Amino acid sequence: MTTIAELRTPHAPTWCPGCDDFLLLAGLQQALAASAIPTEKTVIVYDIGCAGNMADFVHTYAVHSLHGRSIAVAMGIKLFRPDLTVIVIGGDGGIYGEGLNHLVAAARANSDIKVFVSNNYLYSLTTGQTSPTTPKGAKTKSTPLGVTNEPLVASRFIPAINDQVWVQKVSAKNIAELNGEIKEALNHQGFALLDVDENCVSFGKQLR
Amino acid sequence: MEKVFTIKLAGPAGLGIKSGGQLLSQILIAHGFSVHDYNEYPSLVRGGHNTYQVTFTTGELFAPHHTVDLFFSITPGHWQQHLKEFTPNTLIAADEKVAAAPTTGHLESVPLKDMSIEVGTVIVTNTICVGLAAFLFHLDPEICHAQITQQFGKNAEMNIKAFDAGWVYAQKHLSAYLQSVNPPKGVANRKLVDGNEAYGWGFIQGGGNFYSAYPMTPATGALHFLAAKQQEYKLHVVHAEDEIGVASIASGAAFAGARAAVGTSGGGFALMNETISYCGVTEIGMVFYLVSRPGPATGLPTYTSQGDLLYAINSGHGEFPKIVLAPSSQLESFEFSALSLDLAAAYQLPVLVVSDKFLAESAVSLEDLSQKKVTPLSVEVVKEGDGHFKRYALTPTGVSPVALPGTKGAEFIANSYEHDEYGYSAEDSETTVAQLEKRHRKLDSAKPNLPKAVLHGSPKATKLIVCWGSVAGPVLEALRLLPAGHPYAALVVRTVWPIDPEIEALTKNYPEIITVENNQTAQLTTVLRSQINFHPTRVITKFDGRPFYPEELIKEFT
């Protein structure tokens, strides 16, 4: 059994106070501690972005990959080492934007990886530009005239690719539900994606 | 010196130009000949103008020749663009009534199509040509039949009929063109293998176990080869969604302990560039097999080029160590494939193996690579950690200890950000400099294991030819054919990055230095000039998508 303390690193989170990523981090550490998976058998692949910065705060085997590539790296790990539990942490930009082709490939393959998307509808580490999930019409730094594209909705398009995969949406604010869904995603056999609805405390004002 | 012969088949795609040529080569190898093949084909599936040539001799051979002794135009109109390859003795067997004969050579109308229909189908036209050639070159029909049986399986009977039809026709109508050659005695145990297959065997014998690729000519042969072998040799072979996925997936497998490689050509390699940089900083060792074709962009997809050397050396953003190897023969494609996996594992960096269409898709007679064992470098991995594992420990060699997931207490982050010894992200100047310097030291540590440049020729030579990669074949063949006492030697550079400073000493005493490259801007020449005192007196380049032929180099050298 792993304790939450053992899953911590010497580094304290660097997110903005009040960031919903704290809730995802806490939920993940609790779920890993409660699970029977030993830390040395856990590999977390982090995307680039605010959520990906979780890499320094969780003590497991990890890859802090490139923007958009976390799912592809995770698939390679799982293909070569099916004995490992492989988790992906990324944001809406990396998973649904830069890395969309890899998400589609992973869903088609029903790759046994667990993807957690910290979806705050913005590119926040780069200070607030539109992402693939930004609502139509929203004015952001890169779209001051308003977003003209339809947003991508993971829970709609992923099951259309492969109805065998597990996809859920949950609000980070509902902590009990979030923690329950994290555990469910980890226990699922096959591809699982949990879309965690978050609010960006620094740049989310643009969306309201 | 033993005479060298060349037989060329030409015709539209879809009529077995390549398989006919390969059959002929296999038959010649079974007789004990040395063989060097070369094929040209446009980027389409049916029609067009395809050629497959087989150059062979009883002795040593380094490259295909330009001059053709026996030419087959399988359907009408496929000989006219080859006039420069004909000599007064060339026999051109063409299935057409020709109004204007070629100015050089003898054209004979041979009813190939009618004969094939008599046998049963037009797709055996190629085998009829092989039968014709076999008669004219005094080959042993029993050996030929055995090879046909081996290659064609259930279609062997019809192809033996076709072979015999060609043989009998040549006996009846073409015996004036009987060649003077004695097939060597004793059957050598050699195989016909191209550079891609040789690379694939090197991957297998070198302990490779994860290969991913996206189809791209001329690297696709390696994917096909390894995909077909995946069950027998327990390989993971993955055709991923795009070249970014290909490289990323392989990097994940390599992190998890695989000996991993990816294969592509220039365009796909461009997509993989971010992964090369990422492997540099995360110190994930993996191999990039780059088989060049002429660019820019889609370029000439099915032709050859050495135009990606500088791109390979400079691939990936930022500054990090990488090794770039350039095999100069099909055998070295095998050797460097195995070696690159070792270097990637031992020094934890990206290793590039740069080939090209000429090397990768040209087949030669080689020892049986399925039986050729290599001894891998031993690479140590950590067996247990104390919970504070320094994956990026600052060491004198620059090489830090490696742990694989599953090892208790050695958890770490393979971090694409600059990082400290544990892998945690760091931005301070001391850590940044220390890690950059540590990584750079790995190049010095790797040096004793990098293939040295090889000098061919007499110590009395006064003129030095410097070349790399596939150009070595035609250069060595030209030197072999030059009259005794010629003043040339050749230096083949095999590690194209980092440049071995000893190349300066190897080259400086020659009054004349000639570089020969299959690209427009003499890219190795540029690299050597930037790294050592190197002053070529002449630069020969060729960049029309075709390889150098020994005959054209001899003209340049005399």
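Trainee: Among contacts in chain A between residues at least 6 apart in sequence, what share joins residues at least 24 apart?
Mentor: In this predicted model, the share is 69%.

Trainee: And in chain B, how much of the contacts with a separation of 6 or more comes from residues 24 or more positions apart?
Mentor: For chain B the figure is 73%.

Trainee: Back to chain A. How many helices and strands?
Mentor: Chain A has 6 helices and 8 strands. In sequence order they run α-β-β-α-β-α-α-β-β-β-α-β-α-β.

Trainee: How does its radius of gyration sit against the globule rule?
Mentor: Chain A comes out at 16 Å, close to the 17 Å that the rule gives for 208 residues. So chain A is as compact as a globular protein of that length.

Trainee: What does the C-alpha trace of chain A span?
Mentor: About 50 × 35 × 30 Å along its principal axes. As for burial, 59% of the 208 residues of chain A count as buried.

Trainee: Which helices pack in chain A?
Mentor: Take α2(A), residues 70-80, and α4(A), residues 100-109. Their axes come within 8 Å and cross at roughly 35°.

Trainee: Left-handed or right-handed?
Mentor: The crossing of α2(A) and α4(A) is left-handed.

Trainee: Which residues make that contact?
Mentor: From α2(A), Ile71(A), Ala72(A) and Met75(A). From α4(A), His102(A), Leu103(A), Ala105(A), Ala106(A) and Ala109(A). By class, that contact has 7 nonpolar residues, 1 polar and no charged.

Trainee: Switching to chain B. How many helices and strands there?
Mentor: Chain B has 17 helices and 21 strands. Its radius of gyration is 25 Å, close to the 24 Å from the globule rule for 558 residues, so chain B is as compact as a globular protein of that length.

Trainee: What about its span and burial?
Mentor: The C-alpha trace of chain B spans about 85 × 55 × 45 Å along its principal axes. Buried residues make up 61% of the 558 in chain B.

Trainee: At what angle do α1(B) and α3(B) pack?
Mentor: At about 35°, with the axes 8 Å apart. Helix α1(B) covers residues 17-30, and α3(B) covers residues 125-136. Their crossing is right-handed.

Trainee: Which residues meet there?
Mentor: On the α1(B) side, Ser19(B), Gly20(B), Leu23(B), Leu24(B) and Ile27(B). They meet Asn126(B), Thr127(B), Val130(B) and Ala133(B) of α3(B). The contact holds 5 nonpolar, 4 polar and no charged residues.

Trainee: On to cores. How many residues has the largest nonpolar core?
Mentor: It has 86 residues. Ile77(A), Ile113(A), Leu193(A) and Phe288(B) have the most contacts inside that core.

Trainee: What does Ile77(A) touch, beyond four places in sequence?
Mentor: In chain A, Val43(A), Val45(A), Val63(A), Leu84(A) and Val86(A). In chain B, Gly252(B), Ala253(B), Phe255(B) and Ala256(B). Another core, of 49 residues, lies apart from the largest one. Its members include Ile17(B), Leu24(B), Ile29(B) and Val124(B).

Trainee: Last one: is Lys8(B) buried or exposed?
Mentor: Buried, because its relative accessible area is 3%, and the cut-off is under 20%. Lys8(B) lies in strand β1(B), residues 4-13.

Trainee: And which residues is Lys8(B) in contact with, leaving aside neighbours within four places in sequence?
Mentor: Thr51(B), Tyr52(B), Gln53(B), Val68(B), Leu70(B), Phe71(B), Phe72(B), His82(B) and Glu85(B).

Notes
Residues numbered from 1 in each chain as written. Chains lettered and ligands numbered in written order. Predicted model: local features only at pLDDT ≥ 70, side-chain atom pairs only at ≥ 80, totals over all residues. Heavy atoms only, no water. Core = buried A, V, L, I, M, F, W, Y, C linked by side-chain atoms within 4.5 Å. Buried < 20%, exposed > 50% of the residue type's maximum accessible area, 1.4 Å probe, protein only. Contact = heavy atoms within 4.5 Å. Axes fitted to C-alpha atoms, helices over the stretch in contact; angles between N-to-C directions. Helix = DSSP H or I, 4+ residues; strand = E, 2+ residues; numbered from the N terminus. Left-handed = near helix turned anticlockwise from the far one by under 90°. Nonpolar A, V, L, I, M, F, W, Y, C, P; charged D, E, K, R; others polar. Rg over C-alpha atoms; globule rule 2.2 N^0.38 Å.
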